[in-house]
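Please keep the structure open in your viewer while you follow this tour, selecting each stop as it is named.

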Amino acid sequence: MFKQDIKTITQEIKSFVREFESNRNNREYGNLEKCIVLAQGALDKFSSGTFLFDKKLNDVKEKLNNAKPTFTSLLEELETLKQSRRLRQDLYQQDHKQFMDNQNHEFKVRDQKLIKEYRTIMEEALRGVYDPSASVTSNITSGSSSKHND
């Protein structure tokens with residue numbers, strides 16, 4: 001009996017193992033089928049994704065090409081404004097330089113007159129003939145007025 005029980009148990013174990021392997025193979029086959037379906041779907045999704053990407057990229061390219069004339073005209077306008085500003089600045093600098101040159105010339109002329117007058121005053125003072133009421137300095141400093149205040 002013991003041998004009989006062992007045979008029966010062995011057969012049952014073998015049939016259990018066959019059934020288990022059969023089920024496992026069926027499960028693996030099912031999983032493999034799912035993987036194949038997903039892989040095929042991924043290829044379709046990749047194709048549609050690249051198509052959408054290309055379409056979006058073309059849309060962006062078209063928008064950039066449409067915007068290019070606007071940017072070009074803006075750049076030209078900015079260059080024109082820059083040139084205009086540079087010309088105005090050059091004119092301002094020229095006017096300022098001319099003004100400063102005129103001022104410097106005027107100051108030099110006045111300076112020379114003052115030097116000449118003080119030289120004359122010093123020479124007259126040394127000779128003892130200096131008359132402060134007839135001074136040219138009083139005319140220069142009081143705005144060409146002939147009146148002198150002591």
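In which helix do Asp 101 and Lys 97 lie, and how many residues apart are they? Select both: they lie in helix H1, 4 residues apart, about one turn of the helix, where helices are DSSP runs of H or I with at least four residues, strands are E runs of at least two, and both are numbered from the N terminus. This is a predicted model, in which local features need pLDDT of at least 70 and side-chain atom pairs count only at pLDDT 80 or more, while totals for chains, interfaces and linings use all residues. Residues are numbered from 1 along each chain as its sequence is written, and side-chain values use heavy atoms, with hydrogens and water left out.

Asp 101 forms a salt bridge with Lys 97, their closest N and O atoms being 3.1 Å apart; the term requires a side-chain nitrogen of Lys or Arg within 4 Å of a carboxyl oxygen of Asp or Glu. Asp 101 is partly exposed at 38% relative accessibility, whereas Lys 97, at 51%, counts as exposed (buried is under 20% relative accessible area, exposed over 50%, partly exposed in between, with a 1.4 Å probe and protein chains only).

Next, select Lys 55 and Asp 59, a salt bridge with its closest N and O atoms 3.7 Å apart; because these residues are 4 apart in helix H1, about one helical turn separates them.

Then move to Arg 110, which forms a salt bridge with Glu 106, also in helix H1. The whole structure has 3 salt bridges.

Finally, colour the chain by burial: buried residues make up 3% of its 150 residues.
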